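Please open the model in your viewer and keep the sequence panel beside it. The tour begins at a single residue and then widens step by step.

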Amino acid sequence: MMSNFEHKQGLFPTDSSDMDNQFERFELLSAYMDGELTAGERKQVQQWLDSDPEFHELYKQLLRVQRETPTLKVPESSISVDDLSQGVFDTIDRQDGRKRGLIASALGIAAVIVGSITHISLQDGLFPRYARTNGDNQALTIALNRPAVEIPPTLR
């Protein structure tokens with residue numbers, strides 16, 4: 001939203017220094033009204049007020065805003081402060097409860113998945129627990145005196 005001062009100066013100045021200059025003049029005028037300027041800055045603002053009718057009009061508008069702002073009524077709330085704060089804390093507690101429920105559910109699902117994978121992998125032989133003979137009724141032979149694979153002499 002643009003101020004009346006900016007509208008009268010032209011729509012959206014193309015030169016950024018012109019825009020900076022307008023902003024600086026507005027800031028100085030605001031500080032002038034609040035009594036926050038040095039003597040030199042006060043003199044500069046007074047010169048602008050005397051020589052620039054648009055700047056003087058902006059000053060009058062700001063004076064009117066400054067004068068009328070304290071008389072504005074604050075609307076009454078239909079909810080008491082205690083009820084409002086209790087409602088806020090109740091909402092926070094419900095959100096925290098939902099988060100805890102989601103975390104517990106996610107951990108439960110992860111435990112079921114890990115347990116299922118472990119059970120399947122042990123059952124299907126990914127991690128065999130004993131030797132199998134492929135359904136043949138042959139006895140399993142273990143070589144005790146002679147190794148099944150020849151070990152090179154350098155490794156003995």
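Select Ser51 first: with a relative accessibility of 54%, this residue counts as exposed, a word used for values over 50%, while buried means under 20% and partly exposed lies in between, with a 1.4 Å probe and protein chains only. The model is a predicted one, in which local features need pLDDT of at least 70, side-chain atom pairs count only at pLDDT 80 or more, and totals for chains, interfaces and linings use all residues. Residues are numbered from 1 along each chain as its sequence is written, and side-chain values use heavy atoms, with hydrogens and water left out.

Next, colour helix H3, residues 39-51, where Ser51 is found, and then helix H4, residues 53-68; helices here are DSSP runs of H or I with at least four residues, numbered from the N terminus. How are H3 and H4 placed relative to each other? They pack at an angle of about 110°, with their axes 5 Å apart, and they are therefore roughly perpendicular, a term for angles of 65 to 115 degrees.

To see where they meet, show Val45, Trp48, Leu49 and Ser51 in H3 together with Pro53, Phe55, His56 and Tyr59 in H4; contact means heavy atoms within 4.5 Å.

Finally, zoom out to the whole protein, which has five helices and zero strands, and where 12% of the 156 residues count as buried.

Methods:
Axes fitted to C-alpha atoms, helices over the stretch in contact; angles between N-to-C directions. Helix = DSSP H or I, 4+ residues; strand = E, 2+ residues; numbered from the N terminus. Parallel < 35°, antiparallel > 145°, perpendicular 65-115°, else oblique.
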